[in-house]
4 protein chains.
Amino acid sequence: MSDKQLRIGLIGTGFMGRAHSNAYRKAPNFFELGMEPVLQAVCARSDGAAAAFAKKWGFASSETDWKALIARDDIDAVDICTPNDSHKEIALAAAAAGKVIMCEKPLARTAAEGQEMVDAVEKAGVANTVWYNYRRVPAVTLAKQLIDDGRLGRIYHYRAQFLQDWTIATDVPQGGAGTWRLDAAAAGSGVTGDLLAHCIDTAMWLNGKIGTVSAMTETFVKERMHSDSGKVEPVGIDDACAFLCRFDNGSMGIFESTRYARGHKALYTFEINGEHASIRWDLHDLHRLEYFDHRDESITRGWRSIHVTDGDMPYMDKWWVPGLQIGYEHSFVHQFADFVTGLAKGETVGPTFQDAQVTQQVCESVLASGKDGSWHDVAE
Amino acid sequence: MSDKQLRIGLIGTGFMGRAHSNAYRKAPNFFELGMEPVLQAVCARSDGAAAAFAKKWGFASSETDWKALIARDDIDAVDICTPNDSHKEIALAAAAAGKVIMCEKPLARTAAEGQEMVDAVEKAGVANTVWYNYRRVPAVTLAKQLIDDGRLGRIYHYRAQFLQDWTIATDVPQGGAGTWRLDAAAAGSGVTGDLLAHCIDTAMWLNGKIGTVSAMTETFVKERMHSDSGKVEPVGIDDACAFLCRFDNGSMGIFESTRYARGHKALYTFEINGEHASIRWDLHDLHRLEYFDHRDESITRGWRSIHVTDGDMPYMDKWWVPGLQIGYEHSFVHQFADFVTGLAKGETVGPTFQDAQVTQQVCESVLASGKDGSWHDVAE
Amino acid sequence: MSDKQLRIGLIGTGFMGRAHSNAYRKAPNFFELGMEPVLQAVCARSDGAAAAFAKKWGFASSETDWKALIARDDIDAVDICTPNDSHKEIALAAAAAGKVIMCEKPLARTAAEGQEMVDAVEKAGVANTVWYNYRRVPAVTLAKQLIDDGRLGRIYHYRAQFLQDWTIATDVPQGGAGTWRLDAAAAGSGVTGDLLAHCIDTAMWLNGKIGTVSAMTETFVKERMHSDSGKVEPVGIDDACAFLCRFDNGSMGIFESTRYARGHKALYTFEINGEHASIRWDLHDLHRLEYFDHRDESITRGWRSIHVTDGDMPYMDKWWVPGLQIGYEHSFVHQFADFVTGLAKGETVGPTFQDAQVTQQVCESVLASGKDGSWHDVAE
Amino acid sequence: MSDKQLRIGLIGTGFMGRAHSNAYRKAPNFFELGMEPVLQAVCARSDGAAAAFAKKWGFASSETDWKALIARDDIDAVDICTPNDSHKEIALAAAAAGKVIMCEKPLARTAAEGQEMVDAVEKAGVANTVWYNYRRVPAVTLAKQLIDDGRLGRIYHYRAQFLQDWTIATDVPQGGAGTWRLDAAAAGSGVTGDLLAHCIDTAMWLNGKIGTVSAMTETFVKERMHSDSGKVEPVGIDDACAFLCRFDNGSMGIFESTRYARGHKALYTFEINGEHASIRWDLHDLHRLEYFDHRDESITRGWRSIHVTDGDMPYMDKWWVPGLQIGYEHSFVHQFADFVTGLAKGETVGPTFQDAQVTQQVCESVLASGKDGSWHDVAE
């Protein structure tokens with residue numbers, strides 16, 4: 001790794017491959033990074049797809065074998081944007097090769113896989129991060145700032161939802177591009193690893209560790225055509241999952257995710273109730289933060305809708321002018337900008353693999369509780 | 001008028017007759033009035049209708065001739081709930097008979113009629129009020145309180161709308177019960193007297209006098225069946241009216257009303273922008289007041305949605321508990337409670353005929369400007 | 001009971017005593033009841049309070065001993081508005097005396113008490129109802145109508161919250177007027193019986209029986225001054241309760257209630273996700289129903305905010321005109337109007353004691369699960 | 001101009017210089033353009049600023065004299081991002097040099113200037129566009145589609161606002177970077193040319209020509225420090241402007257803009273009421289379109305909040321997945337993608353200079369009416 005450049009090798013050219021590439025291209029236009037990101041190589045399974053993606057996004061070269069990409073000396077950092085079932089193998093190889101690793105969430109299919117990955121990056125001493133991008137939505141970062149300032153006081157309640165509706169139709173297949181998230185072998189789990197993992201990451205970042213959980217899971221559609229086999233096969237993932245929990249700080253948590261909530265495309269919401277103040281946020285209007293402060297004078301007290309677009313709000317001095325929204329993609333720009341800035345300074349910037357592994361352990365406990373119906377302590 | 005009772009004679013049994021009767025019945029259950037309202041007599045054109053209404057609402061007696069009602073010694077107060085074309089005649093008779101007068105808005109069809117009415121009550125020295133009920137929606141009263149406290153600072157802008165959509169269909173007749181508001185002879189004007197009069201009353205109560213206006217009016221449906229004649233006749237009212245104005249305090253005003261705004265049933269909204277703070281309100285969610293205070297710390301500044309249901313907010317200590325809404329009808333209860341309480345104490349409580357006459361003059365200027373396209377000063 | 005009159009004896013003159021009295025007075029003004037409600041007697045512990053309440057609300061007489069009230073021949077119906085610990089005793093006596101019984105919710109402190117009450121009214125053959133008033137908020141009734149019409153299709157998810165924030169201050173006492181809800185002896189339970197009982201009643205009315213539950217409960221403030229003893233005593237109620245459940249129709253449920261959710265005064269919300277459509281509602285804006293229909297054309301599909309004020313919506317033809325809200329109190333008017341109309345026709349109108357007892361059993365299972373952490377089947 | 005490349009020379013490196021550069025860089029990653037945009041040169045007054053901007057945004061070269069830039073053979077297109085007072089001179093030179101011209105809005109300070117510019121591009125036969133970017137916010141484009149499909153039926157009302165609050169402080173200077181918009185010499189007018197021009201452009205695009213206007217203008221702060229002279233000088237711009245108008249299709253219009261509306265950063269809203277349906281939109285939540293269709297069944301009729309993020313909505317198939325927002329900057333990407341795609345095909349894509357000149361004429365009439373208080377016909 002040069003002092004001045006971070007030469008990136010991207011593995012996977014799906015939705016996340018595009019989101020990350022966009023971040024790499026935009027970050028230097030808007031942020032002072034201390035290091036120049038270079039789109040060095042992209043890897044896809046087919047030669048044509050890799051080359052086309054490289055051309056469209058300005059990668060200097062392309063590969064069809066991720067091992068070849070990792071083997072290249074002119075790659076400083078590996079970005080893992082493949083389905084979950086290959087995260088571990090790629091990460092272990094990249095760590096062994098001494099590469100910086102940026103891995104798409106969830107870290108792995110299971111806590112066991114995740115632990116191997118954590119061990120590998122720690123052993124190799126390579127910088128690492130997992131793309132839990134929602135921490136860097138400015139409204140969410142502002143929530144963190146308000147909580148850390150102590151404005152909420154003692155926290156009583158944390159609740160989060162991640163509601164979608166795209167798998168209600170029974171003819172959505174499992175397996176294959178776009179739908180591998182319904183295939184337990186590829187994804188590890190359903191909404192728990194895909195969606196609740198986001199909620200859990202944000203929750204522990206904002207409100208500390210989750211100690212114990214009790215869950216209910218459901219698979220509404222029991223069989224789906226598998227894209228690989230072409231046959232109808234049992235569905236192994238959780239279509240929906242809700243869980244109760246207790247945080248180490250004494251607050252009560254309630255989480256829910258489903259892909260069967262008609263009317264919600266990607267409704268990630270959270271709300272935190274503290275002694276003095278409360279906060280809520282909603283991904284469908286991600287540029288707003290709702291804030292209620294009980295210390296306001298009683299006759300003018302109410303939920304405030306903060307339009308998070310002013311220059312003194314997190315990240316917003318880098319963009320446009322007050323009143324003008326940024327969107328989903330900018331959370332990736334922010335995460336990359338923070339990560340690479342840290343890298344240039346030799347500082348660790350979360351979420352690291354270790355941070356993501358704690359989320360993995362909560363997910364594991366949730367899935368276990370969903371099976372046996374009892375409360376589970378989250379492994380340390 | 002006894003010291004202890006206010007014996008009411010109601011003329012008109014339509015929508016407003018019901019709204020006022022409800023107020024008379026409820027006020028003593030929730031307020032300390034200092035005087036007992038008695039539902040003494042109700043007057044409708046037909047004997048059956050009058051008797052049925054009296055039975056349903058608990059009036060002690062009924063009449064079919066309003067002159068007979070006014071002539072009765074056992075009536076202290078006359079409530080005028082008839083179409084606009086009879087307001088003046090009834091009010092003049094009631095004043096001559098020394099009755100307290102409560103008149104439905106608008107005061108009259110024209111400023112000239114209104115002036116006669118003002119002169120009559122002043123000459124007779126009788127207590128009088130006009131039912132501009134929206135002043136007594138708690139959120140609106142709270143707005144008044146915040147403005148009078150000086151929280152907004154210098155006012156720059158006032159805007160108000162009253163949007164409906166019930167006359168888009170061309171087969172809505174003019175004239176007759178429910179639709180006399182489309183008949184220029186009965187109503188005097190269209191949306192100006194019916195809807196903008198409300199907006200103007202609130203505006204001058206909150207923001208002071210309107211000095212000069214420039215308006216645009218339109219009659220979209222030029223002919224409608226007349227219920228009286230059974231024939232298609234030209235429509236004489238304004239279907240829509242918008243006007244610009246300047247208030248005496250230097251602020252700019254913009255008002256609009258129509259019955260052709262698809263999707264709005266009774267959307268009365270206003271917004272006031274001051275140097276330090278702004279306020280907005282919406283009749284469709286009348287229990288909320290939106291408030292923005294620029295003096296809030298910048299990172300948590302936003303429009304506050306105040307749920308106006310707490311005991312320290314106007315009128316709300318009389319009702320239920322925080323979080324539980326009251327509705328439209330309660331504005332009439334409040335107006336009556338305030339009026340009769342004032343009566344018991346010998347105090348004048350607005351809006352009086354004189355207050356309503358100022359609104360009448362603004363309407364007159366608006367309609368004149370709508371005709372000739374020039375700016376009109378509002379008569380003093 | 002005369003054919004024409006229902007002579008009511010009200011026991012308890014607190015918040016609910018007022019809400020019910022208001023309903024008795026208003027119902028005949030707005031509804032055709034088939035029977036005239038007569039405010040015959042009111043009972044409070046002190047003579048002065050009873051007489052003052054009778055005067056304010058128009059009751060013909062007052063009592064200080066509820067047994068005396070029940071013993072009167074001129075009382076047809078007894079309304080129980082006392083704290084929960086006297087519901088059973090009063091109901092048993094009223095049933096034995098052959099009175100119609102209208103009991104405030106929850107039915108009782110425990111399922112065992114509730115069962116005795118059900119048995120008593122069934123044995124006596126007296127008409128009975130429990131004031132789960134939220135069923136009669138027009139938007140909620142409309143939700144019921146849409147579900148019963150089959151518009152949602154198969155139901156996947158039901159979620160409800162009832163969030164308040166009034167007991168966060170540690171100096172709120174337990175016991176006594178207004179705060180007996182914090183005293184386990186008087187109330188039976190905390191938020192479960194007080195708030196979740198509403199959510200459960202609505203849920204089972206809309207979505208059928210709840211079969212099994214898993215709960216988490218918490219008492220955040222462990223000791224409070226007791227108004228009776230004047231001493232600091234352990235708090236026996238649940239301050240917060242969340243539970244997961246499965247309905248008999250296969251849908252997943254998630255419920256939460258607390259009095260520690262800063263910013264929420266009485267935020268009762270529910271949302272139902274079906275195969276084709278979803279519905280949500282919020283007590284803080286009770287006159288609106290949110291509806292999403294996936295069968296709408298894709299480019300104009302969105303959550304619809306239905307302003308439930310039109311004449312073809314439940315109950316709304318009785319009130320004002322489109323666009324004009326009614327409020328919280330009207331739900332009681334509707335429940336009473338429905339109940340007394342049924343009485344006049346000899347028809348049973350829910351929720352009956354038996355209906356309320358099913359809710360009682362769910363609450364019992366929830367509290368048991370909150371204690372032992374395991375899933376509990378709801379008793380049949 | 002090569003068949004394959006559009007070599008762009010950008011003049012001006014302020015807010016708009018950044019917004020356009022971002023669009024040039026992003027468009028090819030997300031759209032098939034038919035022509036490759038090349039960031040060939042950027043021009044700023046100072047050498048350092050130009051070079052720094054070029055480095056940050058990837059321009060191949062920099063200039064400090066816009067005439068030099070226009071003179072270069074390796075520039076195909078000139079992008080004018082300077083204050084309004086230089087638009088005409090630069091555009092005339094660029095047209096004479098045969099360059100494609102992309103000019104920031106408003107076209108010019110006055111209609112007279114604008115006409116010279118239109119004449120110049122028509123005479124030169126060069127492709128041209130003006131950055132009225134809000135047409136390309138997907139929700140606004142969707143509104144256009146719904147209107148053109150005839151879903152609204154006859155249009156009765158159009159209303160628009162553009163409210164800001166950034167010049168309330170009297171110490172905001174006039175003149176200079178960021179504040180030249182307060183200097184009449186540089187800007188031509190105040191909110192009329194800066195903000196209402198956007199509203200007018202959108203309005204005529206959606207609803208056809210505006211025929212006649214009546215306006216009210218105000219300058220609340222009469223004197224401000226001038227950044228050039230360092231002296232307090234009279235303010236020549238309009239701080240606020242409201243106008244009434246009639247469209248050629250018979251609908252009534254009402255427009256308002258101000259920089260003194262506390263609480264609004266950039267609240268551009270519009271609403272259109274048609275016979276069958278209505279539409280409204282708000283820049284503060286630009287990813288939503290509100291739609292009301294009266295043809296919906298009455299009991300489920302309501303304003304629909306359309307989350308404009310699905311693949312079948314304008315432009316959205318190019319971005320992420322349903323539920324994930326894009327922001328302000330994307331409107332420029334869309335405008336540029338449409339423009340350059342048209343260029344590649346030899347098709348004219350609006351808004352052209354001629355389109356923008358019609359807006360200029362409306363502004364001219366509005367300002368004239370604001371001065372003399374009479375209705376003005378808009379020049380053809």
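How far apart do the C-alpha centres of domain 1 of chain A and domain 2 of chain A lie? That was what I looked up before anything else. I kept in mind that this is a predicted model.

**Entry: two domains in chain A**

I found the C-alpha centres of domain 1 of chain A and domain 2 of chain A to be 23 Å apart. Domain 1 of chain A covers 5-133, and domain 2 is written in two pieces, 135-326 + 333-377. I then looked at where they touch: domain 1 of chain A puts in 35 residues, and domain 2 of chain A puts in 34 residues.

Next I asked which elements of chain A give two or more residues to the domain 1 side of this contact. They are α1 (15-30), α5 (111-124) and β6 (128-130). The largest share of that side is from α5(A), with six residues. I also sorted the residues on the domain 1 side by class, and got 22 nonpolar, nine polar and four charged.

**Entry: chain D on chain B**

A turn of 180 degrees with a shift of 0.0 Å along the axis does it, and the RMSD is 0.0 Å. Which C-alpha of chain D is nearest the axis? It belongs to D:S374, and the distance is 3.0 Å.

Then I checked the contact between these two chains. Chain D gives 30 residues and chain B gives 30 residues. I noted that 100% of the interface residues of chain D are also interface residues in chain B, so the copies meet through the same surface.

For the chain D side, I listed the elements that each supply at least two residues: β7 (155-163), β8 (210-218), β11 (240-247), β12 (252-258), β13 (267-274) and β14 (277-282). The one that gives the most is β12(D), with four residues. By class, the chain D side has 15 nonpolar, 11 polar and four charged residues.

**Entry: chain C on chain B**

**Entry: cis peptide bonds**

Most peptide bonds are trans. One joins B:K105 and B:P106, with omega at about -10 degrees. I also wrote down the bond from D:G350 to D:P351, which is cis with omega near 0 degrees.

Where does D:P351 sit? I traced it to the loop between α9 (330-345) and α10 (353-372) of chain D. B:P106 is in a loop too, between β5 (100-103) and α5 (111-124) of chain B.

Is B:P106 buried or exposed? I counted 31 other C-beta atoms within 10 Å, so B:P106 is buried. Leaving out residues up to four places away in sequence, B:P106 touches B:N84, B:G193, B:A197 and B:Q360. I also looked up the distance to B:S257: that residue is 151 residues away from B:P106 in sequence, and the two are 15 Å apart in space, C-alpha to C-alpha.

**Entry: a tyrosine with positive phi**

Most residues other than glycine have a negative phi. That made me stop at A:Y315, which is not a glycine and has a positive phi, near 70 degrees. A:Y315 lies in the loop between β16 (303-307) and α9 (330-345) of chain A. The cut-off for buried is 20 or more other C-beta atoms within 10 Å. A:Y315 has 22 C-beta neighbours inside 10 Å, so it counts as buried.

C:Y315 is buried because 22 other C-beta atoms lie within 10 Å.

Key. Residues numbered from 1 in each chain as written. Chains lettered and ligands numbered in written order. Predicted model: local features only at pLDDT ≥ 70, side-chain atom pairs only at ≥ 80, totals over all residues. Domains from an automatic or database assignment. Contact = placed C-beta atoms within 7 Å. Nonpolar A, V, L, I, M, F, W, Y, C, P; charged D, E, K, R; others polar. Buried ≥ 20, exposed ≤ 12 C-beta atoms within 10 Å, placed from the backbone. Least-squares fit on C-alpha atoms with pLDDT ≥ 70 in both.
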